[in-house]
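Open the model in your viewer and keep the selection panel at hand. We will go stop by stop.

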Amino acid sequence: MIDRAMSRRHALAALGGIGAGALGLRAKPARAKPVLGDDGLYQLDWYLQSFLDLKDDLDGATAKGKRFAILWGLKGCPSCKKLHEVHFSDPAIEGYIREHFEIVHLNHIGAREVTDFDGGRLGEKAFAQAYGIRFTPTLQFFPESSEGLGARKPQDREVARLPGLLEPPEFLAMFRYVREKGYQSMPFTDWLKKPA
């Protein structure tokens, strides 16, 4: 009796070891957990690993059918922590953003060199100052094409900006607003009032 039970258990374990892939099933990917980097910023494995050439990053995102955004963070920022532990841990928010956006995470006081759309190179801190970034987290959203962006003033290159952190439903709504190009017809505050 014990041998039969043990062999059944081993058989079930072996079948389980074959996994869903062998049966042609796909499991949903596990949500990424935020990791605190050496620079004090939270990182997610789905953030764009970039050489920080914004024109290339935007063009690459567009080629994938995605929109490009920059997320600004700061070591010790409580809202940045909440963003990563609450907002990005919500599967609906994380899934939507991962599917439709490429995000580069920059440090508000960092020194990594960023190549702007006009070809100019600035450290992260100077870049943030040039764009008037004053809060963390802040998200900058850019158009689908980099064409002509270099000729515009820095803040005129953005199609939308989210300074600070909204509650999760409004936060997700901002990403939908950008993806659906709501900025072409109305301010975000009006877009939020539209019937669903």
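**A tour of selected residues**

Start with Leu 52, in the loop between β2 (42–43) and α2 (54–63). Keep in mind that this is a predicted model. Check the backbone: Leu 52 is not a glycine, yet its phi is positive, about 60°. Is Leu 52 buried or exposed? Its relative accessibility is 5%, under the 20% cut-off, so Leu 52 counts as buried.

Next, select Leu 106. This residue sits in strand β4, which spans residues 101–107. Leu 106 has a relative accessible area of 0%, so it is buried. Now show its contacts, skipping neighbours within four places in sequence. Leu 52, the previous stop, is among them. Leu 41 is also in contact with Leu 106, and so is the run Ile 70, Leu 71, Trp 72 and Gly 73.

Pro 137 lies in the loop between α5 (124–130) and β7 (138–141). Zoom in on the bond before it. Thr 136 and Pro 137 are joined by a cis peptide bond, with omega about -5°.

Last stop: Lys 181. Find it in the loop between α6 (168–179) and α7 (188–193). What is its phi? The angle is positive, about 60°, although Lys 181 is not a glycine. Lys 181 has 28% relative accessibility, which lies between the 20% and 50% cut-offs, so it counts as partly exposed.

Methods: Residues are numbered from 1 along each chain as its sequence is written. This is a predicted model: local features need pLDDT of at least 70, side-chain atom pairs count only at pLDDT 80 or more; totals for chains, interfaces and linings use all residues. Side-chain values use heavy atoms; hydrogens and water are left out. Helices (H or I, at least four residues) and strands (E, at least two) are DSSP runs, numbered from the N terminus. Buried means under 20% relative accessible area, exposed over 50%, partly exposed in between (1.4 Å probe, protein chains only). Contact means heavy atoms within 4.5 Å.
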